[in-house]
Amino acid sequence: MKRPYNFSAGPATMPVEVLEQAAAEMLDWHGCGMGVMEMSHRGQEFIAIYEQAEADLRALLAVPAHFRILFMQGGGLAQNAIVPLNLSRAGVVDFVVTGSWSQKSEREAHKYASEVNIVASSADSGFTTVPPPASWALSRGASYVHLCSNETIHGVEFQELPDLRQLGSEAPLVIDFSSHVASRSVDWSRVGLAFAGAQKNLGPAGLTIVVVREDLLGHALPVCPSAFDLRNVAEHQSMFNTPPTWGIYVAGLVFQWILRQREGALSGVAALEQRNIAKAALLYDTIDKSQLYYNKVAPHCRSRMNVPFFLRDESRNEAFLAGARAHGLLQLKGHKSVGGMRASLYNAMPLEGVQALVDYMQEFERTQA
Ligand SMILES: *Cc1c(COP(=O)(O)O)cnc(C)c1O
């Protein structure tokens, strides 16, 4: 039986090989007589799983040695508090607001920072663009600058991270890269801290990845919960409290799957990036050439991962979705705050899935004429 293509924004489609391996090892991991869910996080079996996952993630994202990789719980939204608790020093923080997720982060930061500045916002455009970095009104002496490098709901992606030093700011850059982590390379020379919930591109919900420059640790506010103090988490190798063991294990299988990917001479994330460019181009081209569908985002910042699109005749939305389901194309309904449709094209979505989607879209458009 052929599996349908799942375009969910998250939790999202997984590589079938990973699901099969997790299923095969469910009752007995590598002959130890226990499934991973049943293991102590302090036992040698799980420590081996954890260490391999950390090393593989470091390799595939090319994370430099002076950054720590932390496996936490709480998701992206908890990071909206954990980051200011650890980095704000109760001072000034800067936000670039380009969609729902950076807006949520900005609102949460008010609880912990003495001053929260929105240094740029694309709200006036309906979050369809990224304000040019040269226009950002960065604060003097900010504790950090936060942006969401891929806005999952509005479909807006930074194609390049800003160089804050070049813009006159000494502040570390914080990125929420939840929905495009491992879909493209990261320029770590421009980043202080990056966080991502796993449930978009890395594995099951319940695991959060934090990559943080070592010198930023150790400045948590006194009120910061011990389990959320990043220095404490780092000093305990992410085992100050029980980490999300199942999530780390499955994400580890995804990391190995990513490392196995090849595309011509490219491998790993670079191979996936190449594929992601082709997948996104196929869908955006179809939308742009059509009389029925449209996308509102400025072409230079359209997301490769999340593609919101609309039908010019909105009364056909339900028929479009019902037909999609009948063609084995699942979870295409847009986010409730934006409406329309959204196709998420994460790493685990093959080009064939996007081809099936555009074939269906063209067929649907023809039958509307
Ligand atoms: C999904 C998502 C989140 C939310 O993560 P939770 O795990 O629900 O807390 C945060 N930021 C971005 C960019 C996301 O896509």
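Analyst: Domain bounds here come from an automatic or database domain assignment. On those bounds, the lining of the largest cavity draws at least three residues from each of domain 1 (17-259) and domain 2 (265-368). The model is predicted, so local features need pLDDT of at least 70 and side-chain atom pairs 80 or more, while totals for chains, interfaces and linings use all residues. Numbering runs from 1 along each chain as its sequence is written, and side-chain values use heavy atoms, without hydrogens or water.

User: What makes the largest cavity a cavity, and how big is its volume?

Analyst: A cavity is a set of points on a 1 Å grid over the protein atoms alone where a 1.4 Å probe fits but cannot get out. Points are joined across faces, edges and corners, and a volume is the space filled by probe spheres set on them. The largest cavity has about 80 Å³. By this rule the count is 1 cavity of 30 Å³ or more.

User: Which residues line the largest cavity, and how are they classed?

Analyst: Lining residues have an atom within 4 Å of a point. There are 16 of them, with T13, P15, N201, L202 and A348 nearest the centre. Ala, Val, Leu, Ile, Met, Phe, Trp, Tyr, Cys and Pro count as nonpolar, Asp, Glu, Lys and Arg as charged, and the others, Gly among them, as polar. That gives 10 nonpolar, 5 polar and 1 charged residues in this lining.

User: Why is A62 called exposed?

Analyst: Exposed means over 50% relative accessible area, buried under 20%, and partly exposed in between (1.4 Å probe, protein chains only). A62 has 54%, so A62 counts as exposed. A62 is not a glycine, yet its phi is positive, about 50 degrees.

User: What puts F127 in its accessibility class?

Analyst: F127 has 9% relative accessibility, so F127 falls under the 20% limit and is buried. Its phi is also positive, near 55 degrees, in a residue other than glycine.

User: How do you know that strand 14 and strand 16 pair?

Analyst: Two strands pair if DSSP finds at least two bridges between them. Strands are DSSP runs of E, at least two residues, and helices runs of H or I, at least four, numbered from the N terminus. Strand 14 (residues 306-311) and strand 16 are joined by 4 bridges and run antiparallel. One partner pair is N306 and S344. Strand 13 and strand 14 pair over 2 bridges, also antiparallel. There, Y294 partners F310.

User: Why are strand 13 and strand 16 called edge strands?

Analyst: The open sheet has 3 strands in the order 13-14-16. Strand 13 (293-294) and strand 16 each have a single partner strand, so one side of each lacks a neighbour in the sheet.

User: Which residues cover the two faces of strand 16 (residues 341-344)?

Analyst: M341 and A343 lie on one side, R342 and S344 on the other, and all are buried.

How values were computed
1 Å grid on protein atoms, 1.4 Å probe; cavity = no way out; pocket = protein on both sides within 12 Å on 5 of 7 lines; lining within 4 Å.
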